[in-house]
Amino acid sequence: MAEDTERLGLLVSVFELALGRLFEASPGGGQARDLFVEDVRRLLAETRALQGDSPAVQTYEALLRRLGATRPGDADGLGVVPTPEQGVPPVGSGV
């Protein structure tokens, strides 16, 4: 099970990197990225409202951070990268 989780984490990281590169390289990629970030923020808000402790919340937050869509002063705290001391694992989403 731990090996499967590690593999999944690696695949997600590669997917996130590829997605970021597509936004950078594509004509109009900046606008597409903004629309995608808007969609992820909406999913995050809806998921938080229904299941605040869902792993999906951490995944959406990590994706927004990796896309550079957050700042340290963000009102929702997304700009603050979680640490293991805050209960987030040292590898995987959110790191």
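A word on the source before I start: the model is predicted.

I will begin with helix H1, which covers residues 2-25. It has 24 residues, and at 1.5 Å a residue they should span 34 Å. The C-alpha atoms at its ends are 35 Å apart, which agrees.

Which residues of H1 are buried? They are Glu16, Leu19, Gly20 and Phe23. Helix H2, residues 29-50, and helix H3, residues 55-66, are among what covers them.

Now H3. This helix has twelve residues, and from first C-alpha to last it reaches 17 Å, close to the 16 Å expected at 1.5 Å a residue. Its buried residues are Val57, Glu61, Ala62, Leu63, Leu64 and Arg65. The cover over the buried residues of H3 includes H1 and H2.

Just after the helix comes Gly68, with a positive phi of about 75°.

Last, the rings. How many aromatic pairs does the structure hold? It holds one. The partners are Phe23 and Phe36, with 5.7 Å from centre to centre and 45° between the planes, so the pair counts as tilted. Phe23 sits in helix H1 and Phe36 in helix H2, 13 residues apart, and the pair links these distant parts of the chain.

Phe36 has 25%, so Phe36 is partly exposed.

Notes. Residues are numbered from 1 along each chain as its sequence is written. This is a predicted model: local features need pLDDT of at least 70, side-chain atom pairs count only at pLDDT 80 or more; totals for chains, interfaces and linings use all residues. Side-chain values use heavy atoms; hydrogens and water are left out. Helices (H or I, at least four residues) and strands (E, at least two) are DSSP runs, numbered from the N terminus. The expected span of a helix is 1.5 Å times one less than its number of residues. Buried means under 20% relative accessible area, exposed over 50%, partly exposed in between (1.4 Å probe, protein chains only). Contact means heavy atoms within 4.5 Å. Rings of Phe, Tyr and Trp (its six-membered ring) pair if their centres lie within 6.5 Å; planes under 30 degrees apart count as stacked, over 60 as edge-to-face and the rest as tilted.
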